[in-house]
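Let's take a friendly walk through some helices and the contacts between them. Have your viewer open and follow along.

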Amino acid sequence: MVHVPLLLQLVNTCAAGLLLLSFAMLSQRRVVTLVYLLATQGALLCLATLLLAWRTHQHHLYISAALTLGLKVMFLPWLLHRLIRRLDVYWDTEPLLNTSVTMLLGLVIVVFAFGLAQPIAALSSTAARSTIGIAIAVILLAFMMMITRRKAMSQVIGFLSMENGLFFGAMSATYGMPMVVELGVALDVLVAMLVLGVFFFQIREQFDSLDLHHLESLKEKP
Amino acid sequence: MEFLLLLGTPVAGALLLGVFGARRWAPELNALFSLVTFAAACALTVRIVAHGNVLVAHEQFFIDPFNVFLVTLTAFVGFTTALFSRPYMRVEMTHGRLSPGRLRLYHAMYQLFTFTMLLALTTNNIGLLWVAMEGATLSTVLLVTLYRTPASLEAGWKYFILCGVGIAQALFGTILIYFAAEKVVGGEGVTALLWTHLDAVKTLLEPRVMSIAFVFLLVGYGTKVGLAPLHNWLPDAHAEGPTPISAVLSGLLLNVALYAVVRCKVLVEGSLGSQLPSTMLMGFGLVSVVLAALFLWRQRDIKRLFAYSSVEHMGIITFAFGMGGPVANFAALLHMTVHSLTKSAIFFTVGHAAQKAGSQLMDQIRGLITLSPTIGWGLMLGSLAIVGMPPFGVFAAEFLILTTAMKQQPWATPILLLALGVAFAAVFGRVQPMVFGETTAKRLPHPPALLPVFVHLAIVLMLGLFVPPYLAGWYRQAAIMIGGH
């Protein structure tokens, strides 16, 4: 039995939690709950970052954790919640695939993700290298969520969950990116969400709904 | 100094036009800022030609022959598009399609978009390159939806989501490169994202990680280049946004995204020492050329027609970069230049033609040459240039690419030739009745600015007949730097 220090066990628990939350999001149809799940995922990400920062004495990880806390746990969920209330979109319609098929596909994706992560993890020397597979799985699961959902709001939440996966991947493989890049990425996500806010109101004004089947007329006609 | 001016001018422009963008003189101010940016780009070019590569601000920015030529091209087309958009946007205002608030948004975002492209081109940090590419998407999303029609909202949403997801893949690729580099470059990790440092140690980077990274990067940035089958956003965004934006998206943004792909390819190829990246680029390129040529036949909207033509040309350029080697790279760089100039010139004439006909549907645009010979001839000459008729520059570039393909990848030559032929017939068959035929056009309330069209076409013609030695030398240096087989 390999001895794993307590702190790292905690990081691994956080990682497992992230994956579990990804599955929960995949099956959840209540949009408000999706936002809570996203916020929880952000909180776990923040906790994992803090634990790693504590263990490895990488000071920039503290800033990264603070950024996650401010942006992904507090500001973005608040913004999304406000948008949901203002736009009155509480439920997503039936997804393109039914829940059990989605779940099974999700399992296949996780296996694939761990396969993909193997060569990367083998080279990594960071303390949290065993969680790279989870990060890739979170990214791919979020990707699948974006593909199978119909409501604009759920797709956006999928997008943000993908961003969480990317951050977690960067952290477990390399202890995060350099500060300039991390700040830039955070800025882009923030601006993206603000642009989206404006955008949702435009869609609403025009179609009186946020259902994306209104947005399917621009196709190549046979 | 020139460098500060180059990046600072568009930012100042965005701030100022964010406040005054709806004034009567705002279009002129927009053009003025673009002119200053262009002047700074020229000054920078002169310096690079005289003194060689430059590193600025703790190596965070890097200018070499490859990107300085794209910087100049971007600033030039940015300036001429600003000139074109002056009367164009005034006509749109008169037609009641825009409110002053949206005009302000348009002007501010136009400058911001220029800034993000210049930042993407000049940065040495591949992380910042990612940030700038995402910024370029974000600054144009609200421009695509500027008219707030249902179709434009749909196009904007597609653009946002597809490019957003694509660019997220590219971020993962960037993280993987950083991961591979950190082992080799070491240090505080700050230098492990700098392209110049990565280029110096590229043979030491772990090949397996780099090949996974390249797949993610190619899919990510490839979405923005509009490579098939990731091109879905492109025709919609081009057709539904205002025409000046179609011109800069097609003429500039696609180039910048391809630039990002090529920068990454140089690193990955150095690390792998195999054909994998080249083969992937050639594959994506060929699929794009063929698919776009087929889709060209189905188009009814004139801007969608030329958007698909952009997919086709980007496919050819990607294929050429995939073949690699000094000649193919030279041809690809030349093609990037002439495609960018020709396509933006075409969009300028298309914009006014659609305004005159009151529709973007090709069946309703007729007899341009009778009422307005300049628009008619502009569209005719532009189309002849883009389908690759001699003596225009596109012909020279395509000829070089085809002859190189015959030597290096003979199997691909018939496919390319066939696709080019199909595209020729599709575009020409559509344009001919629009230019000639019975007129339906009406008079515009503001006289169109068509000088940029003929300036662009004149440069393209010149590049077809004769590439000035300094320009050729410059392309050659860049082509050698990109390398390949």
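## A covered helix

Helix 12 of chain B is mostly covered, with 22 of its 22 residues buried. Keep in mind that this is a predicted model.

How far apart are the end C-alpha atoms of helix 12 of chain B? They are 32 Å apart. That agrees with expectation, because the 22 residues of this helix (residues 302-323) should span 32 Å at 1.5 Å a residue. Just after helix 12 of chain B comes G324(B), which takes a positive phi of about 70°.

## Where the chains touch

Now for the meeting of the two chains: 37 residues of chain B are in contact with 35 residues of chain A. On the chain B side, the elements that give two or more residues are helix 5 (126-144), helix 6 (150-185) and helix 8 (207-225). Helix 6 of chain B provides the largest share, 17 residues. Sorted by class, this side of chain B has 22 nonpolar, seven polar and eight charged residues.

## Helix 6 against helix 6

Across the two chains, helix 6 (residues 152-174) of chain A packs with helix 6 of chain B at an angle of about 5°, and their axes are 10 Å apart. Angles under 35 degrees count as roughly parallel, so helix 6 of chain A is roughly parallel to helix 6 of chain B.

Chain A's helix 6 makes this contact through residues including Q155(A), F159(A), M162(A), E163(A) and L166(A). From helix 6 of chain B, the contributors include I161(B), G164(B), A168(B), L171(B), F172(B) and E182(B). By class, the contact has 12 nonpolar, four polar and two charged residues.

## A pair within chain B

Helix 1 (residues 2-20) and helix 4 (residues 100-122) of chain B have axes that come within 8 Å and cross at roughly 165°. Is the pair parallel or antiparallel? Angles over 145 degrees count as roughly antiparallel, so helix 1 of chain B is roughly antiparallel to helix 4 of chain B. The crossing of these two helices is left-handed.

Helix 1 of chain B takes part through L6(B), L7(B), P10(B), V11(B), G13(B), A14(B), L17(B) and G18(B). Among the partners from helix 4 of chain B are R104(B), H107(B), Q111(B), F115(B) and L118(B). The residues of this contact divide into 11 nonpolar, five polar and one charged. As a reminder for reading such lists, an α-helix has 3.6 residues a turn, so residues three or four places apart point the same way.

Note on methods. Residues are numbered from 1 along each chain as its sequence is written. Chains are lettered from A and ligands numbered from 1 in the order in which they are written. This is a predicted model: local features need pLDDT of at least 70, side-chain atom pairs count only at pLDDT 80 or more; totals for chains, interfaces and linings use all residues. Helices (H or I, at least four residues) and strands (E, at least two) are DSSP runs, numbered from the N terminus. The expected span of a helix is 1.5 Å times one less than its number of residues. A residue is buried if 20 or more other C-beta atoms lie within 10 Å of its own, exposed if 12 or fewer, and partly exposed in between; C-beta atoms are placed from the backbone. Two residues are in contact if their C-beta atoms, placed from the backbone, lie within 7 Å. Ala, Val, Leu, Ile, Met, Phe, Trp, Tyr, Cys and Pro count as nonpolar, Asp, Glu, Lys and Arg as charged, and the others, Gly among them, as polar. Axes are lines fitted to C-alpha atoms, for helices over the stretch in contact, and angles run from 0 to 180 degrees between N-to-C directions. Angles under 35 degrees count as roughly parallel, over 145 as roughly antiparallel, 65 to 115 as roughly perpendicular and the rest as oblique. A crossing is left-handed if the near helix is turned anticlockwise from the far one by less than a right angle, and right-handed if clockwise.
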